[in-house]
Amino acid sequence: QYTMPAADSIFQVLNTMKGITAVSRRTMCNGMIRSARGARGITIRGINPQEDNRLTRLEEKIIEGKFLVDGKKNQILISEEIAEKLQLKLRKKIVLQFQDFNGDITAGSFRVAGIFKTGNTIADLGSVLVNRVDLNRLLDNGESTHEMAMVIDDVESLATIKSSIQERWPDLLVEDYRDLSPDVRLYEQQIGISLSIIGTIFMLALIFGIINTMLMAVLERTRELGMLMAVGMNKLRVFGMVVIETIMLGLIGAPIGLLLGWLTIQYFGSVGIDLGAFAEGIEKFGMNTKIFPELSTDIYIKVMGAVLITALLASIYPAIKAIRLRPMEAIRKI
């Protein structure tokens, strides 16, 4: 019973709003899908094919048949999982049964136009897609819209876009993907914690690596350092020399490592990382078997800063070792 007033005008405004890539109007209801082989509860999504395809790119995930066509009546898209459970094939007829806006039970006969597979078992088992015009006709609700789904350009601007939409239409419920799926919010937080732990481990390993490198450099140049101190170089300058050399290692090594990391992310971000070997387990959690890694610019900046701070900390012990050398003993050391 919750519909959006003046949905078409809202749609036009959202389509021109900066930061929004695509918008799709949807009509939704819960009902039953029936075939000769069985029935199950389902969420029925009425979509405008062209709008929704720009949003979800579902046409690319059709494994049999084709995507919905505007103007062709009573077509339906079902997932591979539903097709298997109800033993359905292309062009087979099924019946959707649900309540209309007057509270009466209504039903419609639909023909399977396409079968899709998104890799998200939970979502695939839970919904079917039909033309919004057909669903609205059966619901007897004219051109009502239950929701509008949007994709934005950058996840960093999510809060800004959400607040601007809410301010413009305060009577509407505006939710982002974290509100709709609290488990995704938890997953993101866990990723952040995991990255912090892994980053700390890497920084500790880096500290020991730098200490080892610089300690070897100090020990190999014991005679040279002893000579410098013997001719008058004070301990502060010796200490600074070791610290600066260590920081230079970081300034040279970190950009090279970050560049290699960036190239790797760019490559796998375009071709994806195939986790097909673990498909059965991954799909049960509603995840795609192909992931596309991405890192924001601030991560690279943070890593660069962490490396320089780590290099600075790691330089302290070798520098102390250097200034504790006794010039006369150091000069005579072989």
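This is a predicted model: local features need pLDDT of at least 70, side-chain atom pairs count only at pLDDT 80 or more; totals for chains, interfaces and linings use all residues.
**A helix in the interior**

Helix H5 covers residues 132-139, and because 6 of its 8 residues are buried, this helix is largely enclosed by the rest of the structure. Just after H5 comes Asp140, whose phi takes a positive value of about 60°.

One of the covering strands, E4, contains Ile78. With a relative accessible area of 0%, Ile78 is buried. Leaving aside residues up to four places away in sequence, Ile78 touches Ile33, Ala83, Leu88, Ile94, Val112, Gly114, Ile115, Phe116 and Val128.

Glu51 belongs to helix H2, which spans residues 49-56, and Glu51 counts as buried because its relative accessibility is 8%. Apart from residues up to four places away in sequence, Glu51 is in contact with Phe11, Val23, Ser24 and Arg25.

**Salt bridges**

How many salt bridges does the structure hold? There are 12 salt bridges in the structure, and the table lists some of them.

| Pair | Distance, N to O |
|---|---|
| Lys117 and Glu80 | 3.4 Å |
| Glu81 and Lys117 | 3.5 Å |
| Lys162 and Asp176 | 3.6 Å |

In the salt bridge between Lys117 and Glu80, Lys117 lies in the loop between E6 and helix H4 (121-126) while Glu80 lies in helix H3 (residues 80-86), so the pair ties together parts that are 37 residues apart in sequence. Lys117 counts as partly exposed at 28% relative accessibility, and Glu80 is likewise partly exposed, with a relative accessible area of 24%.

Lys117 also meets Glu81 in a salt bridge. Here Glu81 lies in helix H3 and Lys117 in the loop between E6 and H4, so this pair ties together parts that are 36 residues apart in sequence. Glu81 counts as buried, because its relative accessibility is 11%.

The salt bridge between Lys162 and Asp176 joins helix H6, where Lys162 lies, to the loop between H6 and helix H7 (177-180), where Asp176 lies, so the parts tied together are 14 residues apart in sequence. Lys162 is partly exposed at 24% relative accessibility, whereas Asp176 is buried, with a relative accessible area of 12%. Elsewhere, salt bridges that share partners join Arg26, Arg45, Asp52 and Glu147 into one network.

**Patches on the surface**

On the surface, Asp153, Asp154, Glu156 and Glu294 gather in a patch of negative charge. Asp153 is placed in the loop between strand E8 (147-152) and helix H6 (158-168), and it counts as exposed because its relative accessibility is 57%.

A nonpolar patch is formed on the surface by Ile244, Met248, Leu251, Ile252, Ile256, Leu259, Leu260, Trp262 and Leu263, which together have about 870 Å² of accessible area. Among them, Met248 lies in helix H10, which covers residues 235-271, and Met248 is partly exposed, with a relative accessible area of 42%.

**Positive phi angles**

Which residue in the segment before helix H1 (7-16) deserves a look? Ala6 lies in that segment, and its phi is near 55°, a positive value in a residue other than glycine. Ala6 is exposed, with a relative accessible area of 52%. Gln87, in the loop between H3 and E5, also has a positive phi, near 55°, and is a residue other than glycine. At 51% relative accessibility, Gln87 counts as exposed.

Key:
Residues are numbered from 1 along each chain as its sequence is written. Side-chain values use heavy atoms; hydrogens and water are left out. Patches are made of residues with over 30% relative accessible area and no salt bridge: like charges are joined within 9 Å, nonpolar side chains (Val, Leu, Ile, Met, Phe, Trp, Tyr) within 5 Å. Accessible areas come from the Shrake-Rupley method with a 1.4 Å probe; for residues, only the protein chains shown count as cover. A salt bridge is a side-chain nitrogen of Lys or Arg within 4 Å of a carboxyl oxygen of Asp or Glu. Lys and Arg count as positive and Asp and Glu as negative; His and the chain ends are not counted. The place of a charge is taken as NZ of Lys, CZ of Arg, CG of Asp or CD of Glu. Helices (H or I, at least four residues) and strands (E, at least two) are DSSP runs, numbered from the N terminus. Buried means under 20% relative accessible area, exposed over 50%, partly exposed in between (1.4 Å probe, protein chains only). Contact means heavy atoms within 4.5 Å.
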